[in-house]
Amino acid sequence: MSRQEDLRPLQRTKRTWVVTIIDVQEEDKGPFPKYAGQLFNNKSFNTSVKYLISGPGVDESPEIGLFSIADDANGHVYVHRTIDREKTPTFQIRFDIVYRKTGEPLDRPLFFKIKVKDINDNAPEFPKEEYSITIRENHSKGKYEPVFQVTALDKDEDGTANSQVSYFLSMQMSHPDGIPFDIDSNTGSILLSGCLDYKTANSFKLLIKASDHGTPQLSSTATVNVAVEDANNHLPVFTRDNYQLQISAGQEHPAILRLQVEDEDSPNTPAWRAKYRVTKGNEKEQFAIETDPDTNEGILSIIEPLSYEDDSEMRLVISVANEEPFFLCKNGTVVISSLESTSTTVNIKVLQSQAAPVFHPPILIVQKEDSMKPGKVFRRYPATYPDDVYELAHDPDGWLSVDENSGVLTVAKEFDQESPYVNNSLYTIIVHAIDHGISPQTGTGTILLYLSDHNDHMPTLVAPSLDVCDKKERTRLIIKAKSAPVHSHSGPFTFELAEDSEDVKHNWTLGRNFGESVELLMLRSLPQGSYLVPVIIQDRQGFSTRQNQHVRLCFCPDGHACKDSLLPQAAVRLGGGAIAIILTAFLLLLEIFFDSQENSQITSETYLNSWLGCENVRTVYYTKVKKGR
């Protein structure tokens, strides 16, 4: 192409199609068909033409038959029924002009978009009717930290007043301190307008209204349920301002002191759980303090022995804080405070070294037994010296009581597996023994009460039942114990008769301990029968259990093996006194019998010996019968 041709001026193509506004409004009620507009082509002058219409809304989906040209000579467009703009907002229509006689095109087709005019027939809609959220009590107010955001959608035409949404907030239930929430009317963001207080109100029900700007104005609502989670706006406070202790030099003391705090925040939350720290007086790192996870108490221990010569008096400052930072509300705004802890003092007087009472074992592990009922003896847990004074230092549910003189522990109430102080089936009891020295010393013993029915950790008897030929008093029997399956070689064992079996102690006592076994001595001659001897067995690891040793005293014709007794089973299980009463009554019957049967003496004697097989009965018989009563 030449440069001259490049400089040729551009020619504008003359427009031949002329279309008036085609006005179609949604939800128009008619009457139909209704005139919508007209189109015209300049080439139609002095020519017989026909206008044609086709495409979506005419002969194609959607909305077939919605539009037509009723007067094809003049291009008048009609609409035939109501239309929903939200379903079909526009139609791309094709218009053609042809010679009426030949049907040949007179001009190029015109593609025209018919836009359906919107009316405000849709209210804003929330995706859900109800929302539930949880926020922390220490949530900050302001637009930069919204609590939640709701969004309502309006199906009317975008960018118009019909689809523009504003949000409003109200309370479904009135609140005495007013509503601590605001809402951004444009975005639907819910904000805090002040501080929350879990103690005053731990939940809110907010009613959110979304309204459009159309005419008529339409709206809908949704509910937001707000649950407030407690945060740390109450400091833990010690129940005492100071403590006084006397400690022997040269010894470690686990759990020498338990410090209690009160906290008004919700229990077992980071806002309530305490963290203890020795802030002064522990420069030599002789003390340690930890938190009891069950009681929230601080447990102070001496981990390095104290020296009387270096420090005869010491002063500790112990602080307590919570796991999460402390906050407060100032002028309606949440402020993280630098005041995070409170403190108490512990004054310690270090005494010259003196042996403190010692429990053996220091940790006693006891399996729960069926016999452990209120009023029954639990265990005797003595310390080193017989004149120690005993007290329960830790028994949070009050299950036991202790005799201050003997150290005998008695069941005070039923053991409850569901107690909050039971962890992994273990309940912890701490006993103190205090001596009578000039400077009293305290020994600490710990009892772990194992509440599970499984006793795989406890020692047991090798032979729970023993058959013994009828013998005199001071008869020596051997009771053997064995280690639990999970604690092989846990001996040597200690053995003890159960404290609540006084009747048994009249008949039996324990003799020499051989480590794996012990002597069981019969204190007096006992009638033949079955006897139950409860024995407490404890291994060197501190596991302690009560076992019942069954002993059967029986007649041995050959002096070695028992012959089955002919006594009824109930009689065999009676005590010696009851058997004596039965035998006396039986002898009285014999006297009456021999008064009428003088010649039957030998037969009755033989029968009696055979039935009883008991030497002391034969003695009574010979005295009363053969010697003339």
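Contact here means heavy atoms within 4.5 Å. The structure described in this report is a predicted model.

**Overall composition**

The chain contains six helices and 41 strands. Of its 629 residues, 42% count as buried. Among contacts between residues at least 6 apart in sequence, 64% join residues at least 24 apart. The accessible surface of the chain comes to about 35000 Å², and carbon and sulfur atoms account for 50% of that area.

V346 touches Y243, L245, L257, L259, L300, M314, R315, L316 and I318, with residues up to four places away in sequence left out of the count. As a general background, nonpolar side chains in soluble globular proteins tend to be buried together.

**Disulfides**

A search of the whole structure finds three disulfides. With the bonded cysteines numbered in sequence order, the pairing is 1-2, 3-5, 4-6. The table lists the sulfur separations.

| Disulfide | S to S separation |
|---|---|
| C195 and C329 | 2.0 Å |
| C469 and C556 | 1.9 Å |
| C554 and C562 | 1.5 Å |

The disulfide of C195 and C329 is right-handed, because the torsion about its S-S bond is about 90°. C195 lies in the loop between β13 (189-192) and β14 (203-212), whereas C329 lies in strand β24 (residues 327-330), so this pair ties together parts that are 134 residues apart in sequence. C329 has a relative accessible area of 44% and is therefore partly exposed, a class that covers values between the 20% limit for buried and the 50% limit for exposed.

For C469 and C556, the torsion about the S-S bond is about -100°, so this disulfide is left-handed. C469 belongs to strand β35 (residues 465-469), and C556 to the loop between β41 (543-554) and α3 (569-572); the pair therefore ties together parts that are 87 residues apart in sequence. Both C469 and C556 are buried.

**An open antiparallel sheet**

Four strands form an open sheet in the order β34-β36-β39-β38, with antiparallel pairing. At the edges stand β34 (460-461) and β38 (508-513); each has a single partner strand, so one side of each is left without a neighbour in the sheet. The pairing of β34 with strand β36 (residues 475-482) is antiparallel and runs over two bridges. Within this part of the sheet, T460 stands opposite K482 in β36.

**The surroundings of S68**

S68 is found in strand β5 (residues 67-71). The side chains of S68 and H80 are joined by a polar contact of 2.4 Å. Apart from neighbours within four places in sequence, S68 is in contact with I53, H76, V77, Y78 and H80.

**Backbone features**

Most residues other than glycine have a negative phi, and most peptide bonds are trans. Several positions in this model depart from that pattern, as set out below.

The peptide bond from T215 to P216 is cis, with omega near 0°. P216 lies in the loop between β14 and β15 (219-229). A cis peptide bond also leads from H360 to P361, with omega near -5°. The location of P361 is the loop between β26 and β27 (363-367).

Two residues other than glycine have positive phi values: E63, with phi near 60°, and N296, with phi near 70°. E63 is placed in the loop between β4 (49-54) and β5. N296 is placed in the loop between β21 and β22, and with a relative accessible area of 5% N296 is buried.

Conventions:
Residues numbered from 1 in each chain as written. Predicted model: local features only at pLDDT ≥ 70, side-chain atom pairs only at ≥ 80, totals over all residues. Heavy atoms only, no water. Polar contact = N/O pair within 3.5 Å; in protein donor to acceptor, adjacent residues only side chain to side chain. Disulfide = S-S within 2.5 Å. Buried < 20%, exposed > 50% of the residue type's maximum accessible area, 1.4 Å probe, protein only. Pairing = 2+ DSSP bridges. Areas by Shrake-Rupley, 256 points an atom, 1.4 Å probe, with all protein chains shown as cover.
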